[in-house]
Amino acid sequence: MTESQLCQTFVSLTMLGTMEAESVVPEGPDVDPVEQEPLFRNLDIFLFSLIIGLLIYWFFSRQEPIPEFKRLTTRETSFIEKMKKTNRNMVVFYGSQTGTAEEFCGRLAKDAQRYGMSGMSADLEEYDMSELPCLAEIDNSLAVFCMATYGEGDPTDNAQDFYDWMQETDEDLNGVNFAVFGLGNKTYEHFNAMGKYTDKRLEELGGKRIYDLGMGDDDGNLEEDFVSWKEQFWPAVCEHFGVEATGDDTSNRQYELVVPTDINMNKVYTGEMGRLKSFETQKPPFDVKNPYLATVAVNRQLNQAGDRHLMHLELDISGSQIRYDSGDHVAVYPINDVSIVNRIGQILDADLDTVISLNNLDEESNKKHPFPCPTTYRTALTHYLDITNPPGTNVLFELAQYATDPKDQDILRKMASASPEGKGLYQSWVLDSQRNILAVLEDMPSLHPTIDHLCELLPCLQARYYSIASSGKVYSNMVSICAVVVEFQTSTGRSFKGVATNWLKNKVVVTDNGHKATVPMYVRKSQFRLPFKASNPVVMIGPGTGIAPFMGFLQERGWMKEQGKDVGETILYFGCRHRNQDFMYQQELEEFEKVGVLTQLNVAFSRDQKEKVYVQHLLKKNNEHLWKLIHTDNAHIYICGDARNMARDVQNAFYDIAEEVGGLTHTQAVAYIKKLMTKGRYSQDVWS
């Protein structure tokens, strides 16, 4: 009870006693003299008031005083003040979803000193971007933006606020110099949308572009695109600001190695993403920096035969407070192959269990370490660093100094250059051959870098995202994953294994020692949603593992029918190689069709006959019915799977349907489908 409530009670009771004492006694011969006495006498009121007063005093005297909390110091949000304080004149912002834009940003900031500039890298969500006009106050200043595009032309999570600011602001950016490098994928409808928008909008607001927009294509060679742009960008910077390149190509360490002498192992990171011991004491909310350790409840193979391994996993999220909708994504944090980690340690003659900390030499930087520190080399290589994918040209350039054979030095430096010969060599020797850092070390025996510098150079191991294969309305305590294990032989004879899928494949439900297997995960929201009206028909196209979100859609449509809702036609186009080998979820799909949840099940078995048949061929066979659903019945179309070929071929099939059945010209058909996209009736969840 609060102080005010107690006081109100005391006043009310006192007034009640006073009112009773002052009440008028009824007059008349039939009234008994005893009944004419007041309910409370003055002495009663006094004693009653005294008791209440003592109770109030006792209640408040026993309470502990409310402590005065000191205001917590927050991370500095003014990049202008930081630049002035540290004498920087170049800031490189990144909008990154998978870490590549962040890596490019760091490389540009580090290169700045070679070109007469002093740079800092900055996460867009950590700073107040409304300060951007104030950049003009700093002489010879420059803002560079490395902007990745996510989803259907959307900003990355950390760039959302900046994107909103650009849309809403009318600030004058006169005097602000800028340049933009975009990261995208040409197989997507909205190629480099964020890079293009940022470049265009900053100019509209009065900013001065000092070099052309760069557009990296992840479907081609993103690394080469960035290096080529960078090679032209720096001369433009030198010309604009009247500065000269120093010509100093020596390696510049960003972090210093510290080996603690007095080690408290309780303060050493063992794989946590953010908070120390977060896997031992789990606290919601769970997100990218605080994943939930979900137990693996189911891990079963989906295909009956064939040379691939298709799997279905169910992660138990009971008690986590995690909520998800059909169409959302689950992010999982995998760990690297232990054999690769051990082999790297063996080649570098390193004690992998040494506890180390890599500390940023720039004390003003918000990024104090390249990965959670202190930790061991073993933990860093296992949990935090990408050792499976081919290393970038910047890594090769920095490693060249450690090669004792001059020929190896020349090859590494050549591959890191922007020359046509160097680009070709990097493409063939590193990318096409799928050489990871271990393969580079094995194939260049004279290369023997220090392990701490190698750990500084390698990019961070990123979370892997999967479309959730279940409905949160039906399975609120379970998240399902559908995936194919990635494994193939490279041209060097090595076996390339996808980090996450091979790790998940080996997640047995209960281990030999009785422990339950766990997966660090969190849920990322998506715009891939069923229509608001259940009565709207839905057409789902998802060959292979692209069926994942549609299993959730079907579960939810079935749940809606059970609720008595009017559910429209629900049509699925699925594709696989062979009916008897990889017809995933066959029993579940046939059951959905049997009970009427699935109105129509269309399956393309591409290799069961001489001529290959794909989902787009089945779409064209049902062209009249599909056109009626789309044009007349307000159907929603959903596509999930491969972006490079399938999504494009399916879109072309819908163009053909609009032309052949709808009587539209090709130009009109393209505009028609684009309008469906704008209205949210043509949605894609695709990857390349």
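Me: Is Cys373 buried or exposed?
Reply: This is a predicted model, where local features need pLDDT of at least 70, side-chain atom pairs count only at pLDDT 80 or more, and totals for chains, interfaces and linings use all residues. Residues are numbered from 1 along each chain as its sequence is written, and side-chain values use heavy atoms, without hydrogens and water. Buried means under 20% relative accessible area, exposed over 50%, partly exposed in between (1.4 Å probe, protein chains only). At 9%, Cys373 is buried.

Me: Which cysteine has the sulfur closest to that of Cys373?
Reply: A disulfide needs two cysteine sulfur atoms within 2.5 Å. The gap here is 9.2 Å, so it is too far for a bond, and the closest cysteine sulfur is in Cys455.

Me: How many disulfides does the whole structure hold?
Reply: Cys146 is buried, with a relative accessible area of 0%. A search of the whole structure gives a disulfide count of 0.

Me: How far from Cys146 is the nearest cysteine sulfur?
Reply: Cys146 is in no disulfide. The nearest cysteine sulfur belongs to Cys105, at 5.5 Å.

Me: How much space lies in the second largest pocket?
Reply: On a 1 Å grid over the protein atoms alone, a pocket is an open set of points where a 1.4 Å probe fits, with protein on both sides within 12 Å along at least five of seven lines; lining residues have an atom within 4 Å of a point. Points join across faces, edges and corners, and volume is the space filled by probe spheres set on them. Among the 26 lining residues, Asp337 and Lys497 are two of those nearest the centre. The space is about 500 Å³.
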